[in-house]
Amino acid sequence: MWRRPEEWGKLIYQWVSKNGLTNSVFTLYELASGDDTQNEEFHGLDEAMLLRALQALQQEHKAEIITLDDGRGVKFF
């Protein structure tokens, strides 16, 4: 299913808010492939699109993409 990055970002942020996960840090792997997101539409999203979605959230000051020891992650606000 195709969505614009902004739409994916909105879905991801709705999941974060619904589950009380603001101020949490996730790896990109956890978001796209983790057990917690298994039933979400964005589960399995390829990394390039995931990054674009998170960049859209970053522009809205709802998230910050960060570099972790083992790759990239994101902190939600």
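Tutor: Let us start with helix H1, whose 14 residues reach 20 Å from the first C-alpha to the last, close to the 20 Å expected at 1.5 Å a residue. That expected span is 1.5 Å times one less than the number of residues. The model is predicted, and residues are numbered from 1 along each chain as its sequence is written. Local features need pLDDT of at least 70 and side-chain atom pairs count only at pLDDT 80 or more, while totals for chains, interfaces and linings use all residues, and side-chain values rest on heavy atoms, without hydrogens and water. Helices (H or I, at least four residues) and strands (E, at least two) are DSSP runs, numbered from the N terminus.

H1 has a set of buried residues: Pro5, Trp8, Gly9, Leu11, Ile12, Tyr13, Trp15 and Val16. Here buried means under 20% relative accessible area, exposed means over 50%, and partly exposed lies in between (1.4 Å probe, protein chains only). Among the elements that cover these residues are strand S1, helices H2 and H3, and strand S3 (71–76). Gly20 follows H1, and its phi is positive, near 65 degrees.

The segment before H1 holds Arg3, which counts as buried at 19% relative accessibility. Setting aside residues up to four places away in sequence, Arg3 touches Trp8, Leu11, Glu41 and Met49, where contact means heavy atoms within 4.5 Å. Trp8 and Leu11 are also among the buried residues of H1.

What does the side chain of Arg3 meet in a salt bridge? The partner is Glu41, at 2.2 Å, N to O; a salt bridge is a side-chain nitrogen of Lys or Arg within 4 Å of a carboxyl oxygen of Asp or Glu. Glu41 lies in the loop between H2 (28–33) and H3 (47–59) and Arg3 in the segment before H1 (5–18), so this pair ties together parts that are 38 residues apart in sequence. The Arg3 and Glu41 side chains are also joined by a polar contact of 2.2 Å. A polar contact is a pair of N or O atoms within 3.5 Å; within protein, one must be able to donate a hydrogen and the other to accept it, and residues adjacent in sequence count only if both atoms are side-chain atoms. Whereas Arg3 is buried, Glu41 is partly exposed, with a relative accessible area of 46%.

A search of the whole structure finds four salt bridges. One of the others brings the side chain of Lys18 to that of Glu40, at 4.0 Å, N to O. This pair, too, links distant parts of the chain: Lys18 is in H1 and Glu40 in the loop between H2 and H3, 22 residues apart. Lys18 is exposed, at 60% relative accessibility, and Glu40 is partly exposed, at 23%. Elsewhere, Lys62 and Glu60 meet in a salt bridge of 3.4 Å, N to O; Lys62 is partly exposed at 30%, as is Glu60 at 42%.

Strands pair if DSSP finds at least two bridges between them. Three bridges join S1 to S3: Val25 stands opposite Lys75, and Thr27 opposite Gly73. Thr27, in S1 (residues 25–27), touches Leu68, Arg72 and Gly73, not counting residues up to four places away in sequence. Six bridges join S2 to S3, with Lys75 as the partner of Glu64, and a hairpin connects S2 to S3 through two residues. Between Thr27 and Glu64 the separation is 37 residues in sequence and 12 Å in space, C-alpha to C-alpha.
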